[in-house]
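Look at the chain below and follow it from the overall fold to its details.

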Amino acid sequence: MTASAAAQSGPRVVLTARGLGKDFAGFKAVNNVDLDVRHAQIHALIGPNGAGKTTVFNLLTKFLQPTRGRIELLGTDITRTKPDKVARMGLVRSFQISAVFPHLTVLENVRVALQRPGGLSTQFWRPLSSLDRLNGRADQLIDDLGLSEYRDARAADLSYGRKRVLEIATTLALEPQVLLLDEPMAGMGQEDVRMVAGIIRDVAQDRAVLMVEHNLNVVADICDHVTVLQRGEIIASGDYARVSADPRVRTAYMGNEE
Ligand SMILES: Nc1ncnc2c1ncn2[C@@H]1O[C@H](COP(=O)(O)OP(=O)(O)OP(=O)(O)O)[C@@H](O)[C@H]1O
């Protein structure tokens, strides 16, 4: 039986980790991590500084090779698969705002993203039909992410929150089944946090989202499942109510709780 088949019932599991571990010169930065990320759910990875969240992201996207364990994406073992192939298979990580070209408009940024390998680039030899397809898809993405009003605005002129949304739009151009977001709310004011939270909820309607997030109000609000890491290991896993009531989680977050 595969790891994903062994997972408990519920929405289908699209990304699985079993016994995942990473050592840096003998130091266990991540150890014995099991994850089941499900379609159409938002899964948060939380934990204090240095808990291993970024390392887990790097392991899942294959930027780092695991020392131990196994990773499955959509039922396929990707433990030894290269990062670009993993992205083409549907696991895409949203990079920070630096991935957006500031002097290009919203539309131009989305079009560039659609032409990247894994986007619509395979159609390049059919100039007319592919251009139509490209424009249609670009407009649809811009619309879906509430950016229509800003279609012709330069990315540099957008608010911080909308830059983040544009950055998510460029990531969605790759049509991920699993979207990894690294602190999507970092540095945002309340209003932008609310806006981006709504967008993430929409985006998760037809794909899985795994996010590292420090804002526990956001985690409580939008995440279906929470995995708490401390010193590289999972100390609690479940819905927010469950993990936030866990004494080990409360201790880990002492002085850092809402
Ligand atoms: N390349 C590396 N070489 C050595 N140690 C590393 C390396 N990357 C991470 N570590 C160590 O692994 C541990 C986990 O780090 P990681 O960045 O994954 O934590 P994190 O939970 O993302 O922290 P933060 O919330 O501060 O970003 C830390 O102790 C860190 O110092």
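**Overall layout**

Of the contacts in the protein with a separation of 6 or more, 66% are between residues 24 or more positions apart. Two residues are in contact if their C-beta atoms, placed from the backbone, lie within 7 Å. This is a predicted model, in which local features need pLDDT of at least 70 and side-chain atom pairs count only at pLDDT 80 or more, while totals for chains, interfaces and linings use all residues. Residues are numbered from 1 along each chain as its sequence is written.

The protein has 10 helices and 10 strands. Helices (H or I, at least four residues) and strands (E, at least two) are DSSP runs, numbered from the N terminus. Of its 258 residues, 41% are buried; a residue is buried if 20 or more other C-beta atoms lie within 10 Å of its own, exposed if 12 or fewer, and partly exposed in between, with C-beta atoms placed from the backbone.

There are two parts to find: domain 1 (1–90 + 176–258) and domain 2 (97–175). Their bounds come from an automatic or database domain assignment. Where they meet, 12 residues of domain 1 are in contact with 13 residues of domain 2. On the domain 1 side, α3 (83–88) and α7 (190–203) are the elements that give two or more residues, and α7 gives the most, with 5 residues. That side divides into 9 nonpolar, 1 polar and 2 charged residues. Here Ala, Val, Leu, Ile, Met, Phe, Trp, Tyr, Cys and Pro count as nonpolar, Asp, Glu, Lys and Arg as charged, and the others, Gly among them, as polar.

In soluble globular proteins, nonpolar side chains tend to be buried together. A nonpolar core is a set of buried Ala, Val, Leu, Ile, Met, Phe, Trp, Tyr and Cys residues joined through C-beta atoms within 7 Å. The largest one holds 71 residues, and Val110, Ala169, Val178, Val209 and Val228 touch the most other members.

An open antiparallel sheet runs in the order β2-β1-β4-β5, where strands pair if DSSP finds at least two bridges between them. β2 (27–38) and β5 (76–77) each have a single partner strand, so one side of each is left without a neighbour in the sheet.
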